[in-house]
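Hi there,

Here is the structure I promised to send over. Have a look at it first, and then read on for my notes.

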Amino acid sequence: MRLIQCLYQHQPRAALVEDNDRVRMLDTDTYHLASRAISNGRPLAALVESALTDTRLDYQTLIDEKRLLPPLTHPDPAHCLVTGTGLTHLGSADTRASMHAKAQADDSELTDSMRMFKLGVEGGKPEPGKVGAQPEWFYKGDGDCIVAPEADIPVPSFAQDAGEEPELAGLYLIGEDGTPWRVGYALGNEFSDHVTERYNYLWLAHSKLRACSFGPELLIGELPEHLEGTSRIVRGNAILWEKPFLTGEANMAHSLANLEYHHFKYANFRRPGDVHVHFFGTATLSFADGIQTQGGDRFEIVLDTFGRPLRNPLNTDDAPDTVTLHSL
C-alpha cells in the first residue's frame, strides 16, 4: 500500500495510490491518520481503508500543478526532526568484497571513516534483543528543511557543493506515551555539501545542514531486503549523469532495527506527537564521479517499489546569506 499527500481544497490531504495514473483521496492527512491508528490500536492499512472517500484525482495533474507534498508532515514544522545515518551501505555487489577486505586491515592503518564502517560490518546486525554498533549520526534540521517532491531544492550562497544522495527514509510518529511508531518508508534525496565534508570530516555536521526531499509516495508495510534503483541528473533535455544504486538490508552493514534503536534511544527523540524523518544512507553519489551540479539541474531518483520517481530541480540563488546579530 502506498500513500501520497497533496494540496486538496487548500489543505493537506492524504491519498491512496490506486495505480500510476490515479489516486483516491482520504478524509484526512497522513499525520492525523497515523495518530488515529496509534490511538485506536489498529494497523495503519486498516485505517486507510476506513478513511477512503469517493474522490479520485489524476496523479499527473497533481505533479504538473506542483500540488504534491511530502507524504508525512507535521502541522508545526518545528515538531518534525530530520536526521540520518552514514557509512551504512556495503556498496554495489562488485565492490563489496574489496570493502570487506579493507575492513580487515590493521586498525592503526584505518581512517576514522573506515573504522566506523568496520564497526558496522562487524556489529551492525545484532541478534534480536541485543544492541549493535552505533552508526554515524547527523542532524539536518526541522521540518522547514524539507522540500516537496517536484519543488526546487535551494542552495545557500556559502555552499561549496550541491549534491544528491539517493536514500531510503524512515518516517515515524511518536505516540502519546513516548513510543516511536514507524509510519512507513519513502524514497529520499538527503542532499549534502560534499566539498565541505571532504575538506575535513569534522565539518560533516555543517555539510548536512541543507535542504532535502522525500516521497512522493509513502510505502506502508515491510521493506524488501534488496532494492535496486537509479539516480540521475538531468541538465536541459539531456542526462548528465546516471547510475544504479542498491539499498535495503541485504546491501547494508546495519540492520534498520539497529539504526532505529540508536536514534530513538535518546529520550528527547521520543517527545509525544513529534514526527521524525530518518535517512538510512547511500553508497552512490555523482560527486564521487566528479560531477559538479549547477542551477537548473534536475535530480531524479527512481525505485519501482516506491512508485513515481522523486524529482527536484536545483535552485542556486546567488543572494548572500547575511546575518545581523543584535544585543538586548
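This is a predicted model: local features need pLDDT of at least 70, side-chain atom pairs count only at pLDDT 80 or more; totals for chains, interfaces and linings use all residues.

**The overall picture**

The protein contains eight helices and 17 strands. A compact globule of 328 residues would have a radius of gyration near 20 Å, and the protein agrees with that, since its own value is 20 Å. Along the principal axes, the C-alpha atoms fill a box of roughly 65 × 55 × 50 Å. Of the 328 residues, 50% count as buried. If you take the contacts with a separation of 6 or more, 74% of them are between residues 24 or more positions apart. As for charge, there are 29 positive and 47 negative side chains, and the centres of the two sets lie 2 Å apart.

**Strand 13 and its partners**

Strand 14 (residues 238–247) pairs with strand 13 in the antiparallel sense, over nine bridges. One of the residues to look for is Glu228, whose bridge partner in strand 14 is Leu246. The two strands make a hairpin with two residues between them, and Gly236 in the turn has a positive phi of about 65°.

Strand 13 is also joined to strand 16 (residues 298–302), again antiparallel, by five bridges. There you will find Ile233 opposite Phe299 of strand 16.

**Helix 8 and His262**

Next, please turn to helix 8 (residues 256–264), which is where His262 sits. Is this helix enclosed or open to the outside? Seven of its nine residues are buried, so helix 8 is largely enclosed by the rest of the structure. The buried ones are Leu256, Asn258, Leu259, Glu260, His262, His263 and Phe264. Their cover includes strand 6 (80–86), strand 7 (136–142), strand 10 (166–174), strand 11 (180–189) and strand 15 (275–279).

His262 itself counts as buried because its relative accessibility is 6%, and the cut-off for buried is under 20%. Setting aside neighbours within four places in sequence, the residues in contact with His262 are Val131, Gly132, Ala133, Gln134 and Pro135. For a sense of distance, His262 and Thr324 are 62 residues apart in sequence, and their C-alpha atoms are 37 Å apart in space.

**Some backbone details**

Which peptide bond is cis? The bond from Gly215 to Pro216 is, with omega near 0°. Pro216 belongs to strand 12 (residues 212–219).

Two residues in the loop between strand 1 (2–8) and strand 2 (11–17) also deserve a mention. Gln9 lies in that loop and has a phi near 55°, a positive value in a residue other than glycine. His10 is in the loop between strand 1 and strand 2 as well, and although it is not a glycine, its phi is positive at about 70°. Are these residues buried or exposed? Gln9 counts as exposed because its relative accessibility is 59%, and His10 counts as exposed with 76%. The cut-off for exposed is over 50%.

Happy browsing, and do write back with any questions.

Best wishes

Terms used: Residues are numbered from 1 along each chain as its sequence is written. Side-chain values use heavy atoms; hydrogens and water are left out. Helices (H or I, at least four residues) and strands (E, at least two) are DSSP runs, numbered from the N terminus. The radius of gyration is taken over C-alpha atoms; the globule rule is 2.2 Å times the number of residues to the power 0.38. Buried means under 20% relative accessible area, exposed over 50%, partly exposed in between (1.4 Å probe, protein chains only). Contact means heavy atoms within 4.5 Å. Lys and Arg count as positive and Asp and Glu as negative; His and the chain ends are not counted. The place of a charge is taken as NZ of Lys, CZ of Arg, CG of Asp or CD of Glu. Two strands pair if DSSP finds at least two bridges between them.
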